[in-house]
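Student: I would like to learn how to read a model like this one. Can we go through it feature by feature?
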Amino acid sequence: MPEPDAGKGFGRLIRSIQAEERLPSISSAVFCEGEVAWSEAVGLADTATEEEATPDHQYRIGSITKTFTAVCIMQLRDAGELELDDPLDRHIPEGPRGPTLRRLLSHLSGLQREIPGEIWESMESPTREELLAELAGVEQVLAPGRLWHYSNLGFALLGEVVARRSGTPYEDYVRERLLEPLGLTRTTWQAAPPVAKGYFVHPYMEQTILERYDVDLRGGSAAGALWSTAADLCRWGVFLADPDPAILAAETVEEMRSLQVMADPQGWTLGWGLGLMLFRRGDRVLVGHNGGMPGHVAHLSVAPKERVGSATLIASTAPGKEVVRAVLALTEKAVETFPAAPSLWRPETPPPAEIEPLLGRWWSEGGEFVFSYRAGMLEARIATAPRELEPTVFEPDGADRFRARSGLEAGELLRVVRDDRGEVVKLYWATYPFTRSPQVFGS
């Protein structure tokens, strides 16, 4: 674990954000090596009573709830209960026709943004039954797949898919399959004291704040109803970086982190995976989600490779983009403060006899590749590729056949060719011939 004083700079950062943005309170935490390494809260949880905010105070996390919904969908996919390319109406017959579950997860469904009704004025959300009864009037504002278009309604409907395919009410499913197994005791559907009150800070009256009303999302809970603490959100971030296979396979979480669409195609700084936001910061892509509810703003971001991340909760409605950039910087600072320790080399069991002749350098016309054996798997990488670039990993697919599980040409077949004496003379990968020395195709 990090040294006790390693997080001093984090405290200075959140104090600066709190003062510059006039935030009633802010609570942040950082994790590394699978544990919360630092947490702190500053400001007032209740301005009327001058109750100080603490790391144990809950805040609304808004749309970060969507990441829990997405994991539920992926659990059901892995269990064979659904496919991501299923149309929504296969699981909700009364629902809109056309969008697939994959497009709902990545906000490519084209469905209207909000749940039916003017809930952000009335502060009353429809019940599950009322929402389902109103689906016939839902607008398909864009053709599915046409453009990225954020939809809270889409995730409310994904919550209904979870309930129908699992046979368990959505909120119960999340609690039983995610919150309890991961020990997220301070992440709840209803506020559990101590709670930080939400506020609106007047933009032109320097010292004026207004307390915000809470809205019960009811039928839209899968889109944003959870409450949490920064430390609990960091524990969720630990899962997104290094998942417990008893809850969801690492390969599935990696799939969730894969880019589906750029949300800002001009800037190329924000994309969407399967229920996860992808924040490009220079050469690094962080994954996580933002959240907002009346009186509260939340952020979670994770550097998956380094397995480091941060969570920030704010008791103020819609602070500016500078705050989002600042809290993203908190994760970047965490990566710098807690760099991943290099894995120690240890000798391993030698490769099987049939794999040993495949190892070493191979050429595919002008390209040189190195095949090696590590952690019980056959790997390949371009000879000139930087070491930090992940190699292609193969898994057996029959006699002298391997399938690329990840990396370059994922899914493609690697076939081994032997001569009459059983000696390996050639490889075919994605139908490209590989030889021990450079040769032009067709020779």
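Tutor: Start with a cut-off. A residue counts as buried when its relative accessible area is under 20%. Keep in mind that this is a predicted model.

Student: How many residues of H2 are buried?

Tutor: In H2, 13 of the 14 residues are buried, so the helix is largely enclosed by the rest of the structure. H2 covers residues 65–78. From its first C-alpha to its last it reaches 20 Å, close to the 20 Å expected at 1.5 Å a residue. Just after H2, Gly80 takes a positive phi of about 80°.

Student: What is Lys66 in contact with, leaving aside its neighbours within four places in sequence?

Tutor: The contacts of Lys66, with those neighbours left aside, are His107, Tyr150, Ser151, Asn152, Phe155, Ala222, Ala223, Gly275 and His289. There is also a C-alpha separation to note: Lys66 and Ala156 are 90 residues apart along the chain, and their C-alpha atoms are separated by 9.0 Å.

Student: How do I read the packing of two helices?

Tutor: Two packed helices are described by the angle between their axes and the distance between the axes. Here, the axes of H2 and helix H8 (residues 170–179) come within 11 Å and cross at roughly 80°. An angle of 65 to 115 degrees counts as roughly perpendicular. H2 and H8 are therefore roughly perpendicular to each other.

Student: Which residues make the contact?

Tutor: H2 contributes Thr65, Phe68, Thr69, Val71, Cys72, Gln75 and Leu76. H8 contributes Tyr170, Tyr173, Val174, Arg177, Leu178 and Leu179. By class, the residues of this contact divide into nine nonpolar, three polar and one charged.

Student: Now the strands. What should I look for in a sheet?

Tutor: Strands of a sheet pair through backbone hydrogen bonds, either parallel or antiparallel. Look at the order and the sense of pairing. In this model nine strands form an open sheet, ordered S3-S2-S1-S13-S12-S11-S10-S9-S8, with antiparallel pairing.

Student: Which are the edge strands?

Tutor: They are S3 (51–52) and S8 (261–262), each of which pairs on one side only. Glu52 in S3 is the bridge partner of Leu44.

Student: Which helix packs on the sheet?

Tutor: Helix H9 (residues 230–241) does, touching S1 (25–32), S2, S12 (296–303) and S13 (308–314). The direction of H9 makes about 35° with that of S1.

Student: What about S16, S17 and S18?

Tutor: S16 (residues 377–382) and S17 (residues 392–396) pair in the antiparallel sense over three bridges. Ala380 stands opposite Thr392 in S17. S17 also pairs with S18 (residues 401–406), again antiparallel, over four bridges. There, Phe394 stands opposite Ala404.

Student: How many residues lie between the strands in the hairpin of S17 and S18?

Tutor: Four residues lie between them, and Gly398 in this hairpin takes a positive phi near 115°. Asp400 lies in the loop between S17 and S18. At 26% relative accessibility, Asp400 counts as partly exposed. Not counting residues up to four places away in sequence, Asp400 touches Leu414, Arg415, Val416 and Arg418. Asp400 and Leu300 are 100 residues apart along the chain, with 45 Å between their C-alpha atoms.

Student: Which backbone values deserve a second look?

Tutor: Most residues other than glycine have a negative phi, and most peptide bonds are trans. Check the departures. Met123 has a positive phi, near 60°, and is not a glycine. Met123 sits in the loop between H5 (119–122) and H6 (128–133). Arg307 is likewise not a glycine, yet has a positive phi of about 60°. The loop between S12 and S13 holds Arg307.

Student: Is Met123 buried or exposed?

Tutor: Met123 counts as buried, at 18% relative accessibility. Arg307, with a relative accessible area of 42%, is partly exposed.

Student: Where is the cis peptide bond?

Tutor: The cis bond joins Pro193 and Pro194, with omega about 0°. Pro194 belongs to the loop between H8 and S5 (199–201).

Definitions and conventions
Residues are numbered from 1 along each chain as its sequence is written. This is a predicted model: local features need pLDDT of at least 70, side-chain atom pairs count only at pLDDT 80 or more; totals for chains, interfaces and linings use all residues. Side-chain values use heavy atoms; hydrogens and water are left out. Helices (H or I, at least four residues) and strands (E, at least two) are DSSP runs, numbered from the N terminus. The expected span of a helix is 1.5 Å times one less than its number of residues. Buried means under 20% relative accessible area, exposed over 50%, partly exposed in between (1.4 Å probe, protein chains only). Axes are lines fitted to C-alpha atoms, for helices over the stretch in contact, and angles run from 0 to 180 degrees between N-to-C directions. Angles under 35 degrees count as roughly parallel, over 145 as roughly antiparallel, 65 to 115 as roughly perpendicular and the rest as oblique. Contact means heavy atoms within 4.5 Å. Ala, Val, Leu, Ile, Met, Phe, Trp, Tyr, Cys and Pro count as nonpolar, Asp, Glu, Lys and Arg as charged, and the others, Gly among them, as polar. Two strands pair if DSSP finds at least two bridges between them.
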